[in-house]
Amino acid sequence: MAICESIRQILEEQARSAGFTRVERVKLAIGALSGVEPEALRFGFDVVMRGGVAEGARLEIEDVAARAWCMPCAANVAISARYDACPQCGSYQLQVTGGEDMTIRELEVL
Ligand SMILES: [Zn+2]
């Protein structure tokens, strides 16, 4: 719910600065390590957006896989959790490079 509230806040601010009055569609990119539950987000979205610029907006969610830089392999690898080992060499010397954030990827507005 807190996530939905902050999305609402961002949308209201953008509406003010960009001068739109309605959001038709929101596309969110949710990283696998962001801690955001897409299902919970879908569940809370409609309720939280009620009465605001994004009331009735269509919510689309894009899952962003987690990626990390493996030092021994000197390569970007896919991981499924923050403290996973490298799938190629088994090393734990990984630096997470993607999948930690939730971002608004697209907005369709009126
Ligand atoms: Zn590796």
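The following questions and answers concern a predicted model of one protein chain. In this predicted model, local features need pLDDT of at least 70 and side-chain atom pairs count only at pLDDT 80 or more, whereas totals for chains, interfaces and linings use all residues. Residues are numbered from 1 along each chain as its sequence is written, and side-chain values use heavy atoms, with hydrogens and water left out.

Q: What is the radius of gyration of the chain?
A: This radius is taken over C-alpha atoms, and the globule rule is 2.2 Å times the number of residues to the power 0.38. The C-alpha atoms fill a box of roughly 50 × 25 × 15 Å along the principal axes. For a compact globule of 110 residues a value near 13 Å would apply, but the chain has 17 Å.

Q: Why is strand 1 described as largely enclosed by the rest of the structure?
A: A residue is buried under 20% relative accessible area, exposed over 50% and partly exposed in between (1.4 Å probe, protein chains only). Across the chain, buried residues make up 32% of the 110 residues. Strand 1 (residues 23–31) is largely enclosed because its buried residues number seven of the nine.

Q: Which residues stand opposite valine 26 in strand 6 and strand 2?
A: Two strands pair if DSSP finds at least two bridges between them. Strand 1 is joined to strand 6 (residues 102–109) by seven bridges in the antiparallel sense, and to strand 2 (residues 58–64) by seven bridges in the parallel sense. Opposite valine 26 stand, in strand 6, leucine 107 and, in strand 2, leucine 59.

Q: Which residue in strand 4 is the bridge partner of tryptophan 69?
A: Strand 3 (residues 66–70) and strand 4 (residues 75–79) run antiparallel and are joined by five bridges. Within strand 4, the partner of tryptophan 69 is asparagine 76.

Q: Which residue in the hairpin of strand 3 and strand 4 takes a positive phi?
A: This hairpin has four residues between the strands. The residue in question lies in the loop between strand 3 and strand 4. Although not a glycine, it has a positive phi of about 50 degrees, and it is alanine 74.

Q: With which residues is arginine 82 in contact, leaving aside its neighbours within four places in sequence?
A: Arginine 82 is placed in the loop between strand 4 and strand 5 (94–98), and its relative accessible area of 35% makes it partly exposed. Its C-alpha atom is separated by 10.0 Å from that of serine 34, 48 residues apart along the chain. Contact means heavy atoms within 4.5 Å, and the partners of arginine 82 are Leu33, Val96 and Glu100.

Q: What separates the C-alpha atoms of glutamate 5 and phenylalanine 45?
A: Glutamate 5 belongs to helix 1 (residues 2–18) and counts as partly exposed at 45% relative accessibility. Phenylalanine 45 is 40 residues apart from glutamate 5 along the chain, and their C-alpha atoms are separated by 8.6 Å.

Q: What percentage of the contacts with a separation of 6 or more comes from residues 24 or more positions apart?
A: The count concerns contacts in the chain with a separation of 6 or more. Of these, residues 24 or more positions apart account for 68%.

Terms used. Helix = DSSP H or I, 4+ residues; strand = E, 2+ residues; numbered from the N terminus.
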